[in-house]
Amino acid sequence: VQLQASGGGLVQAGGSLRLSCASSGSIFSFTRMGWYRQAPGKQREWVATITNGGDTNYADSVKGRFTISSDNARNTVYLQMNSLKPEDTAVYYCYADRGEYGPGLVRSWGQGTLVTVSS
């Protein structure tokens, strides 16, 4: 499967962006999809997840500001980012899992999309 992330850009603090992660195949086949981000000089950190049952989870740093959703007809997962802060500046990566956490997990990654939030 191929994942194509898009939607990054430059935005002022307090603004909004919507990231998209389009799958080359049906997202029904995935156990979960989500987003990580990596800021300059920092380790990659988890941002949000949506399961194939529609359950969502968020990192504390984005809770209440970011919303993850999926469109099964478009085979796309979105990350709506509101009230952006300069510390949200990072390259955002989408991922898709097949299987449960553990040795059998198969994870696919999209290429990153850069989000820059100016103060």
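Predicted model: local features only at pLDDT ≥ 70, side-chain atom pairs only at ≥ 80, totals over all residues.
1. Nonpolar core. The largest nonpolar core comprises 29 residues, and Trp35, Leu79, Met81 and Tyr92 have the most contacts inside it. Two or more residues each come from strand 1 (3-6), strand 3 (17-23), strand 4 (32-38), strand 5 (45-51), strand 7, strand 8, strand 9 and strand 11 (113-118). Strand 9 contributes the most, with 4 residues.

2. Surroundings of Met81. When neighbours within four places in sequence are left aside, Met81 is in contact with Gly15, Ser16, Leu17, Leu19, Arg65, Phe66, Tyr92 and Val115. One of these partners, Tyr92, is also listed with Met81 among the residues that have the most contacts inside the core.

3. Thr31. This residue is placed in the loop between strand 3 and strand 4. Thr31 counts as buried because its relative accessible area is 15%, under the 20% limit. A polar atom of the Thr31 side chain lies 2.8 Å from the backbone nitrogen of Gly99. Leaving aside neighbours within four places in sequence, the contacts of Thr31 are Thr51, Asn52, Asp97, Arg98, Gly99 and Glu100.

4. Asn75. Although Asn75 is not a glycine, its phi is positive, at about 50 degrees. Asn75 belongs to the loop between strand 7 (66-71) and strand 8 (76-81).

5. Ser83. A positive phi of about 50 degrees is likewise found at Ser83, which is not a glycine. Ser83 is located in the loop between strand 8 and strand 9 (90-98). With a relative accessible area of 40%, Ser83 is partly exposed.

Key:
Residues numbered from 1 in each chain as written. Heavy atoms only, no water. Buried < 20%, exposed > 50% of the residue type's maximum accessible area, 1.4 Å probe, protein only. Core = buried A, V, L, I, M, F, W, Y, C linked by side-chain atoms within 4.5 Å. Contact = heavy atoms within 4.5 Å. Polar contact = N/O pair within 3.5 Å; in protein donor to acceptor, adjacent residues only side chain to side chain.
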